[in-house]
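This report describes the packing of one protein chain.

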Amino acid sequence: MKRIGVLTSSRSDYGILLPLLQGMQDDADIELKLIVFGTHLSYTHGYTINQIEGDGFRVKFKVYSLVMGDTQESVASAIGLTQIKFASFWAEHKHEFDMVVCIGDRYEMFGAVSAGIPFNMVFAHIHAGEITLGAIDNIFRHAISHASTIHFTSTEFYAERVRAMIDSPIEVHNVGALSLDSLAKMKLFTVSEFLGKWKIDLTKRPSVLITFHPETLSIGNNEAYANILAEVVLDLTRQYQAIITMPNADSEGDMIRMVLTRKLSGHEHVSLVENFGTKGYFTAMKYARFLVGNTSSGIIEAASFNKYVINIGNRQNGRICSTNVMNVPIDHKAILGAIEKVEALGDFTGENLYWNGGASALIKNVLKKYN
């Protein structure tokens, strides 16, 4: 039996990992050991460990490592504290794992993985090789790849980047985007269930799903960006209802949250939601007319819902996009112009280049065969 640890630090990575976790839990040849840390253990961010346990998973380990605040110093301190906490964790528990799955590009994940390097931990990195030139996450992602032994990518282009970047490019596997596996299996909320849970009527008027995270390489500009987005939302409410999910725990994330709350809270046609969970978020995406923001879910998942995405700003610069994504600057006029174009196009009917036939089964099989 393979003893496989899985690191999850936030609602966003848990939502992506969900189909893999379900596959591992149902596999008699795998002993799944969940390691939960970061914002999962923060009441400010919804204490989303409850969601994990509510989905039927046993949390084997909790590592408290969060530093509150959204300043650059807070982020740097959180990395340091995470490394210290995981140094003790790996020292005590390293022999309990044959390998540990990590995902993505978050600074919390970087802290946990980097602390495992002196212990020769075998890490398997999901979503390796991608590019987000507008965020410091780009650095963390590549650092995690260098600390990992097994690499899973969402396209062949990213697989080639990993092979060129690391010293031992043997275990590089293009499996597609893991989050897309959930779409085929997940029973989404009905309109009435969604209304009962979040008091948002998806039939009242057309919806726009909006998620905007800070550009962490443009510190100092995010307040202006948030104000521009808020003004765009106010214009949108003449025709649409805006469903806004709050930003990640990045530098200036709390500031963006405050701007959006101050300008939009209480508006009849605006809903501000801290955490939908995967099922709720995908339900909102299904019924949305289109998406606006700078989240990777718009680029990776929206095409599978036949939705167009207006990707604003530089956070996702460098990431490969399907033809449903329209990239525009964070400019009031440019965003409204893109919305007019998207409305004229109707539903997206093209392919999602991140689909490769089912990532969770491919990942699980590689992990089971690795010696």
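Helices α8 and α11 are oblique to each other, a term for angles that are not under 35 degrees (roughly parallel), over 145 (roughly antiparallel) or 65 to 115 (roughly perpendicular). Their axes come within 11 Å and cross at roughly 125 degrees; axes are lines fitted to C-alpha atoms, for helices over the stretch in contact, and angles run from 0 to 180 degrees between N-to-C directions. Helices (H or I, at least four residues) and strands (E, at least two) are DSSP runs, numbered from the N terminus.

With α13 (residues 332–345), the angle is about 40 degrees and the axes are 10 Å apart, so α9 and α13 are oblique to each other; their crossing is right-handed. With α10, the axes come within 9 Å and cross at roughly 30 degrees, and α9 and α10 are therefore roughly parallel to each other. The crossing of α9 and α10 is right-handed.

## Basis of the values

The model is predicted: local features need pLDDT of at least 70 and side-chain atom pairs count only at pLDDT 80 or more, while totals for chains, interfaces and linings use all residues. Residues are numbered from 1 along each chain as its sequence is written, and side-chain values use heavy atoms, with hydrogens and water left out.

## Aromatic pairs

The structure holds 21 aromatic pairs. Rings of Phe, Tyr and Trp (its six-membered ring) pair if their centres lie within 6.5 Å; planes under 30 degrees apart count as stacked, over 60 as edge-to-face and the rest as tilted. The rings of Phe189 and Trp198 have centres 5.5 Å apart and planes at 80 degrees, so this pair is edge-to-face. Phe189 counts as buried because its relative accessibility is 16%, and Trp198 counts as buried at 18%; buried means under 20% relative accessible area, exposed over 50% and partly exposed in between (1.4 Å probe, protein chains only).

Trp198 also forms an edge-to-face pair with Phe276, at 4.9 Å centre to centre and 80 degrees between the planes. Trp198 lies in helix α8 (residues 191–198) and Phe276 in the loop between β10 (270–273) and α11 (277–287), so the pair ties together parts that are 78 residues apart in sequence. Both Trp198 and Phe276 are buried.

Elsewhere, ring pairs link Phe37, Phe61, Phe86, Phe89, Trp90, Phe97 and Phe123 into a cluster.

## Charges over rings

Two lysines are placed over aromatic rings. Lys279 lies over the face of Phe189, at 4.4 Å from the ring centre, and the charged end of Lys33 sits over the ring of Phe97, 5.7 Å from its centre. Such a placement requires NZ of Lys or CZ of Arg within 6 Å of the ring centre and within 35 degrees of the ring normal.

## Nonpolar cores

A nonpolar core is a set of buried Ala, Val, Leu, Ile, Met, Phe, Trp, Tyr and Cys residues joined through side-chain atoms within 4.5 Å. Of the 85 residues in the largest core, Leu7, Ile35, Phe86, Trp90, Val101 and Leu367 touch the most other members. Helix α1 (residues 11–25) supplies the largest share of this core, seven residues. A second, separate core of 32 residues includes Ala230, Val259, Ile310 and Val328.

Leu367 is found in helix α14 (residues 359–369) and counts as buried at 0% relative accessibility. The C-alpha atoms of Leu367 and Gly176, 191 residues apart along the chain, are separated by 16 Å.

## Individual residues

Thr261 lies in helix α10 (residues 253–264) and counts as partly exposed, at 33% relative accessibility. Its C-alpha atom is separated by 7.6 Å from that of Leu272, eleven residues apart along the chain.

Two residues other than glycine have positive phi values. Asn120, with phi near 55 degrees, is found in the loop between α4 (107–116) and β5 (123–126) and is exposed, with a relative accessible area of 64%. His127, with phi of about 70 degrees, lies in the loop between β5 and α5 (137–146) and is buried, with a relative accessible area of 8%.

Technical notes:
A crossing is left-handed if the near helix is turned anticlockwise from the far one by less than a right angle, and right-handed if clockwise.
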